[in-house]
Amino acid sequence: MLKWSEFPRVELGFMDQDHEECLELLHLIVGLLDQESTKDTIIDERLDALDEHLKSHFAREETAMQETGFPPYYIHKTEHDSVLQQYQQALRDWHTERKRDVLKRFIAVSFMNWLETHALTMDSVTARHIQDCRG
């Protein structure tokens, strides 16, 4: 998994801060999943914290896009909605099956790959647009 020092920056304060917080939560969850002694309820709490973070994180970006008239807003929002649905499905699967390896693979591979790619593409373009509009 990428460390914050390796993660692509978009050079817009609130977005980089959200990415850093998200990465910290992802690393924490993977670390908890790796420790067999960690109770599932502790993992549940961190997963819920990540869910709340993602909703707030995406809402901040979407508000800034709307405020600055970002032309591909709906494309970017659709990607947020899609990954949030995937995450929430992974949560439902976790609550049903309690398979740590499956959840870890989703968090450490699928979600991390999406987050990095999203930051490099959608978020970097969005950040430039917001900066240009805000001066």
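# Briefing: a four-helix predicted model

Ala 127 is located in helix H4. The structure is a predicted model, and its protein chain holds 4 helices and 0 strands. In sequence order the pattern is α-α-α-α. The radius of gyration of the protein chain is 15 Å, close to the 14 Å that the globule rule gives for 135 residues, so the chain is as compact as a globular protein of that length.

**Overall dimensions and surface**

- Along the principal axes, the C-alpha atoms of the protein chain fill a box of roughly 50 × 30 × 20 Å.
- Buried residues make up 44% of the 135 residues of the protein chain.
- The protein chain has an accessible surface of about 7200 Å², and carbon and sulfur atoms account for 50% of that surface.
- Taking contacts between residues at least 6 apart in sequence, 76% join residues at least 24 apart.

**Nonpolar cores**

- The largest nonpolar core has 30 residues, and those with the most contacts inside it are Leu 26, Leu 50, Ile 107 and Phe 111.
- Two or more residues of this core come from each of helix H1 (13-34), helix H2 (40-67), helix H3 (73-97) and helix H4 (100-134).
- The most is given by H4, with 9 residues.
- A second, separate core has 6 residues, including Val 10, Leu 12, Met 15 and Ile 130.

**Leu 50 and Leu 54**

- What does Leu 50 contact once its neighbours within four places in sequence are left aside? The partners are Cys 22, Leu 25, Leu 26, Ile 29, Tyr 87 and Ile 107.
- Leu 54 is part of helix H2, and with a relative accessibility of 1% Leu 54 counts as buried.
- With neighbours within four places in sequence left aside, Leu 54 is in contact with Cys 22, Leu 84, Tyr 87 and Phe 111.
- From Leu 54 to Tyr 87 the separation is 33 residues in sequence and 9.5 Å in space, C-alpha to C-alpha.
- Cys 22 and Tyr 87 are among the contacts of Leu 50, and Cys 22 and Tyr 87 are also among the contacts of Leu 54.

**Ala 127**

- Ala 127 is buried, at a relative accessible area of 0%.
- Not counting residues up to four places away in sequence, Ala 127 touches Val 10, Leu 12 and Met 15.
- Ala 127 and Asp 40 are separated by 87 residues in sequence and by 37 Å in space, C-alpha to C-alpha.

**His 76**

- Helix H3 contains His 76, which is buried with a relative accessible area of 0%.
- Which residues does His 76 contact, leaving aside its neighbours within four places in sequence? They are Glu 61, Met 65, Phe 70, His 118, Met 122, Asp 123 and Thr 126.
- The C-alpha atoms of His 76 and Asp 40 are 33 Å apart in space, for residues 36 apart in sequence.

**Asp 16**

- Asp 16 sits in helix H1. Is Asp 16 buried or exposed? At 11% relative accessibility Asp 16 counts as buried, because the cut-off for buried is under 20% relative accessible area.
- Not counting residues up to four places away in sequence, Asp 16 touches Trp 4, Arg 9, Val 10 and Glu 11.
- Asp 16 and Glu 6 are 10 residues apart in sequence, with 13 Å between their C-alpha atoms.

**Positive phi values**

- Most residues other than glycine have a negative phi.
- Glu 11 is not a glycine, yet its phi is positive, at about 65°.
- Glu 11 belongs to the segment before H1 and is exposed, with a relative accessible area of 56%. Glu 11 is also one of the residues that Asp 16 touches.
- Arg 98 likewise is a residue other than glycine with a positive phi, near 55°.
- Arg 98 lies in the loop between H3 and H4 and is partly exposed, with a relative accessible area of 31%.

Terms used: Residues are numbered from 1 along each chain as its sequence is written. This is a predicted model: local features need pLDDT of at least 70, side-chain atom pairs count only at pLDDT 80 or more; totals for chains, interfaces and linings use all residues. Side-chain values use heavy atoms; hydrogens and water are left out. The radius of gyration is taken over C-alpha atoms; the globule rule is 2.2 Å times the number of residues to the power 0.38. Buried means under 20% relative accessible area, exposed over 50%, partly exposed in between (1.4 Å probe, protein chains only). Contact means heavy atoms within 4.5 Å. Accessible areas come from the Shrake-Rupley method with a 1.4 Å probe; for residues, only the protein chains shown count as cover. A nonpolar core is a set of buried Ala, Val, Leu, Ile, Met, Phe, Trp, Tyr and Cys residues joined through side-chain atoms within 4.5 Å.
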